[in-house]
Structure formats: C-alpha cells, structure tokens
Amino acid sequence: MPPDPANGLTPNATPFWMCAAVGAEVEVDTETGKVRVTRLVNVVDCGRPVNPKIVETQISGGALMQLGFTMFEKMHIDAGQVTNASLADYKIPAILDLPPSMENEAVAAHQSNGPFGGKGVGESATFCVSPAIGNAIEDACGVQLTELPLDPEAVLRALRAQANQPLGDA
Amino acid sequence: MTKRTISFTLNGEPATAEIEPHHNLVELLQSDFNLMGARESCGQGMCGCCTVLVNGTAVSGCLYLAAFVDGARVATVESLANGDTLSPVQEAFIEAGAFQCGYCTPGFLLMATQLLDENPDPDDDAIRHYLSGNLCRCGAYPEIIEAVKIAARKRKATAA
C-alpha cells in the first residue's frame, strides 16, 4: 500500500521493527561523578539469527558503541566549527572501557517476512543502553539525567543540585 | 624538495626507496610497496591502525618518518602469514570472530603477536593493558580478548 499522499502515513513504514532490552549495573563515585559500568546485559529480538556468532558480535559491538555515546562521546561546536575533531579530543571506547561483565543474547524469534525468519540486528543493541545506564545511575544515587553524555561533570552537577549545593558555570 | 634514497629490510627482503623528508612510513609502504595492511586512521598515533614493527618494536606508521627506517628491519602485517598459511594469531582472530569491518585488525594482529612473544600466557588484564592503544569502532573487544587467548593456546600447542 503506497503512503497516504495527504500525510505520508503508511502501514509499511518499515519492513520490521527492532526490539531489545538492556540491563546495566553501575558504580557511582559521588565525590567525582565518575560512573563505572560493571555489568551490561544486552538482549535483542533479531528474528532467527542466521549466523549466531556474527549476531552475538553485532550485539556486543552495537552496545559498546552506544556505551561510548552514553558515557563520554560529545562533539563540541564553537561558532559552527567542531573543536574536538580528532581521536585525541573525541574519545571512543577503547578496550579498557569494556565493562568487566557483558552478556549478549538473541531471543528465540521468527520474523515472518524476513529471509530464513531473520531481520536486521545492527542497531538493535544500541537503543536501550543509554536509558538502562541512566536508570541504573538513578537507582544508585537518586539523580535522573536526561541528556547525554553521562560524564562525570553531568553526574556531579546533578548530585550537587540534588544536595542543594549546585555548581556554578565552568 | 630534496629526495633521498633509503635501504632497509622489508618483511625479510632487502628494499630501497626514493623518499622525501616529510613522507611517513605508511605512505612509503602503500605507495612504493603496495602494502595496504598498515593504514592511516587518526594520523595522531591514537588508534593503532597504522602499526608497523621497526626492529621488532611496534611503532605508529603515521607518525614515524620514512627516513627513520633507513638501515632498519621493517615488518608489516603482511609478514605474519607464510604463503597461504595463516599465523596462529590470524587463525585465532578468525575463529573468535574478532572483527567486524576489519579496519583495525592489522594493528591488533601485530600487537597481539608482540604481546604473545613477550608473554606467552597473558591474563585478561595483561591483554587489555597491552591492547589499550588500539581502537576498534565496531567494538569487537570481547572477541579480540578471546582471540588472544585462543592464539596463546595454539602457539603453546605448536611449540610443545
């Protein structure tokens, strides 16, 4: 069915929807705002995994990429110019940022319109990582952050605001 | 610009090249020897994609001037395999699925090989510490750690 010309709506907006869930355990240093992710459990529905090994790598790789966006990756822009356009100033996850415990799993599922019952997996592991870590931080120390990244400055500012001792502008 | 001629050993074979003073090692390997394993990514020595062994020690080929390899022994990822026979580290990376796009893989292979030369039986912490200078945007780190452990077992089995 083609999209409705009046509003663009269509039941065929996407060949499939992605479903996933993530659980996170964190440690928060309330003196510095530093958060350490100690455990990450990533589960996706990707239909039937055609190549289970590659699916597992996709899940952990997607989750690790999102861990970078969640914890520290931030593009700084000054008057339209990116001021941290290098891997020295824009840090991406390295092997030491890997959580000590990470589990990755695809649930048993079947995608009726997919090849061999499968569907895409690449991004499925990404979209629950940030909310899971944000919620874990809230569970740990009571501050709810709604902007990324959840870097030490953001966490410390929220903690100090919660304690009625807000930090001034940098 | 003044050109100069350098001579060195490249993957066990004698080699000479005409270089300019500003050429780096990656440019030399790619343009003069068609060796594409070492590739420039960040150009700042931050990512390890351009890793090359010079006199047995890993260097960042993007920062290492070509002129410095005059008289040196240079080894690239292309030296790991013997014809069609892959090295134990290369085989282990395939078995563990230790890459997705593969861009960072040559650097990880060389560093993992050097790690196992120095420490044949590294634990998780030793592996993480040794490979912390190599970045993998696909996040294949858990599989890379697994691959190094598989490679350690393979190398021991061959040595025994």
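Helices are DSSP runs of H or I of at least four residues, numbered from the N terminus. The structure shown in these views is a predicted model.

**View 1. Helix α3 of chain A and the residue that follows the helix.** Helix α3 of chain A comprises residues 152-162, and its buried residues are A:Val155, A:Ala158 and A:Leu159. These residues cover an arc of only 100 degrees around the axis, which means that they lie on the same side of α3(A). Just after α3(A), A:Asn164 adopts a positive phi of about 60 degrees.

**View 2. The hairpin of strands β3 and β4 in chain B.** Strand β3 (residues 51-54) and strand β4 (residues 57-60) of chain B run antiparallel and are joined by 4 bridges. Within this pairing, B:Val54 has B:Thr57 of β4(B) as its bridge partner. The two strands form a hairpin with 2 residues between them. In the turn, B:Asn55 has a positive phi of about 50 degrees.

**View 3. Pairing of strands β3 and β5 in chain B.** Strand β3(B) also pairs with strand β5 (residues 73-75) of chain B, in the antiparallel sense and over 2 bridges. Here B:Leu53 stands opposite B:Ala75 of β5(B).

**View 4. The contact of chains A and B.** Chain B and chain A each bring 17 residues to the contact. On the side of chain B that touches chain A, helix α5 (residues 141-159) of chain B gives the most, with 3 residues. By class, this side of chain B has 9 nonpolar, 5 polar and 3 charged residues.

Conventions
Residues numbered from 1 in each chain as written. Chains lettered and ligands numbered in written order. Predicted model: local features only at pLDDT ≥ 70, side-chain atom pairs only at ≥ 80, totals over all residues. Pairing = 2+ DSSP bridges. Buried ≥ 20, exposed ≤ 12 C-beta atoms within 10 Å, placed from the backbone. Arc of directions from axis to C-beta. Contact = placed C-beta atoms within 7 Å. Nonpolar A, V, L, I, M, F, W, Y, C, P; charged D, E, K, R; others polar.
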